[in-house]
Amino acid sequence: MPVTERQAELIRAGFAQLRQRLEPASVEFYEALFRRRPDLRGMFREDLAGQGMKFMTTLDTVVQSLDAPEALTEPMKVLGHTHAQLGVKAEHFAPMAEALIEVLRSNLGGEFTAEAEAAWRTAYDDLARMLIAGGID
């Protein structure tokens, strides 16, 4: 289900604040993921900062497309196909969601309200569905 206009506002505001700490937040994201799923570490290159910035760039693309999510459908399916070839499974998206929420909570502080968290979860779930549609089992 696409995000509402209010949810899009909250996500944009949160990402604007996160942008000030994008590089450290990107590394924090993978550290949070590997605390949850250490078995996934081998799927990623050693350069977590570079990998994290790729993730944040994708997240930025999603944030910029909140008003036109259909524009993301095909590019995310392609990205999903690439990730499937790398061994990414549908089950990996839940710990990634929790890692993202942890990073948002720690970097946005009091701005990361329950309403903001729900908005981010909705947007993340939409993104995960698009990626999984690319052939992820």
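1. Let's start with helix H2, whose buried residues pack against H1, H3 and H5. Here, helices are DSSP runs of H or I with at least four residues, numbered from the N terminus, and contact means heavy atoms within 4.5 Å. The buried set in H2 consists of Leu22, Ala25, Ser26, Phe29, Tyr30, Ala32, Leu33 and Phe34; buried stands for under 20% relative accessible area, exposed for over 50%, and partly exposed for in between (1.4 Å probe, protein chains only).

2. A word on what you are looking at: this is a predicted model, in which local features need pLDDT of at least 70 and side-chain atom pairs count only at pLDDT 80 or more, while totals for chains, interfaces and linings use all residues. Residues are numbered from 1 along each chain as its sequence is written, and side-chain values use heavy atoms, with hydrogens and water left out.

3. The length of H2 checks out, because 15 residues at 1.5 Å a residue should span 21 Å, and its end C-alpha atoms are 21 Å apart. The expected span is 1.5 Å times one less than the number of residues. Arg35 also lies in helix H2, and Arg35 counts as exposed because its relative accessibility is 55%. Although Arg35 and Met96 are 61 residues apart in sequence, they are 11 Å apart in space, C-alpha to C-alpha.

4. Helix H3 (residues 48–64) passes the check too: its 17 residues should span 24 Å, and its end C-alpha atoms are 24 Å apart, which agrees. Its buried residues are Leu48, Gly50, Gln51, Gly52, Phe55, Met56, Leu59, Val62 and Val63. Covering them are, among others, helix H1 (5–18), helix H2 (22–36), helix H4 (70–85), helix H5 (93–108) and helix H6 (114–132).

5. On a 1 Å grid over the protein atoms alone, a pocket is an open set of points with protein on both sides within 12 Å along at least five of seven lines, a cavity is a set where a 1.4 Å probe fits but cannot get out, and lining residues have an atom within 4 Å of a point. The largest pocket holds about 490 Å³, where a volume is the space filled by probe spheres set on grid points joined across faces, edges and corners.

6. H4 and H6 are the elements that give two or more residues to it, and H6 gives the most, with 4.

7. H6 gives the most residues here, with 4. The lining counts 10 nonpolar, no polar and no charged residues.

8. Finally, the record: an unreviewed UniProt entry carries the annotation "domain: Globin" over residues 2–136. The span is 72% helix and 0% strand, and its end C-alpha atoms lie 21 Å apart.

Technical notes: UniProt positions renumbered as here; feature names shortened; annotations may be inferred. Nonpolar A, V, L, I, M, F, W, Y, C, P; charged D, E, K, R; others polar.
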